[in-house]
Amino acid sequence: MVSDLQLMEIFDCIAAVARPIHDFGDEFMSDEATAAVGLRAGFPAGRGFYCRGRFGVLGEASVDVVQAVQGFLGPGLVAAGWLAGRPVMPAEEAVGWYAQAVRTWGRAHIPADVDVEHFNRLAQRLIDAADADALPLFAGWRTQPCPTDDPVGAAMQRIHVLREHRGACHLAAVRLSRLSTREAMVINLGVEQATHYGWQDPRPVAEELVPRWRRAERLTDELQAPLYSTLGDRQRTEFVQLVSALTSTPAP
């Protein structure tokens with residue numbers, strides 16, 4: 001049984017790694033170098049590679065299903081991207097290209113002095129410990145093979161998988177907190193950024209909804225706690241240090 005003190009330490013660990021993992025993944029997704037991989041694969045300019053590659057783990061799903069699973073991007077953005085990418089290649093093949101882009105970006109941005117082997121061991125332990133029920137996007141990415149001969153690229157792929165886990169947990173937490181995903185995006189990022197992520201004409205959210213978003217953040221941490229309880233105190237400290245070094249130091 002996890003003690004109250006251990007639970008506090010687990011939540012401290014989650015709080016320390018959640019934002020760096022999220023933001024590092026965001027940098028990858030928005031980088032022109034990532035888009036260039038899609039262009040080389042034959043995708044048109046735009047969101048086709050992003051949508052087909054990231055959400056292709058769901059298989060040949062309809063637009064409505066993809067939108068429901070990912071949640072936080074505006075439906076117009078997802079529909080346009082998914083439909084633009086569909087004629088280019090099968091979903092499974094697009095995922096392979098996207099995973100390649102993930103690993104390539106990691107090799108270019110993860111510093112050379114980070115102990116990625118130890119990070120990979122700890123990160124895989126977290127990934128293996130996750131209950132994927134009701135988290136299909138995470139489940140899909142967890143099944144993607146990680147190379148054994150590319151530890152740096154594999155580290156970036158594991159960051160991506162862990163990011164998908166928190167995102168899927170957060171989507172469930174937002175709905176449980178009686179918020180729409182549009183409302184959650186506006187509260188978290190503001191109207192302008194919500195527009196950037198595909199929401200058409202998002203309106204400011206009533207102040208009384210902000211506590212619901214804070215509750216969703218707490219619930220997200222609680223949903224992730226079982227993963228981090230599989231690490232010992234020392235391992236959690238090491239994982240925080242590794243994530244910080246891996247995501248915040250510019251590659252030489």
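At what angle do helix α9 and helix α12 pack, and how far apart are their axes? This is a predicted model, where local features need pLDDT of at least 70 and side-chain atom pairs count only at pLDDT 80 or more, while totals for chains, interfaces and linings use all residues. Residues are numbered from 1 along each chain as its sequence is written, and side-chain values use heavy atoms, leaving out hydrogens and water.

**View 1. Helix α9 packs against helix α12.** Here α9 (residues 151-176) and α12 (residues 210-228) sit at about 135°, axes 8 Å apart. Axes are lines fitted to C-alpha atoms over the stretch in contact, with angles from 0 to 180 degrees between N-to-C directions; helices are DSSP runs (H or I, at least four residues) numbered from the N terminus.

**View 2. Cysteines without a disulfide.** The structure holds zero disulfides (cysteine sulfur pairs within 2.5 Å). For Cys 146, the nearest cysteine sulfur belongs to Cys 169, 19 Å away. Cys 146 is partly exposed at 25% relative accessible area, whereas Cys 51 is buried at 0% (buried is under 20%, exposed over 50%, partly exposed in between; 1.4 Å probe, protein chains only).

**View 3. Val 186 in helix α10.** Val 186 lies in α10 (residues 181-189) and is buried, at 7%. Pro 204 is 18 residues from Val 186 in sequence, yet their C-alphas are 6.8 Å apart. Beyond four places in sequence, contacts of Val 186 include Val 191, Ala 194 and Pro 204.

Conventions. Helices (H or I, at least four residues) and strands (E, at least two) are DSSP runs, numbered from the N terminus. Contact means heavy atoms within 4.5 Å.
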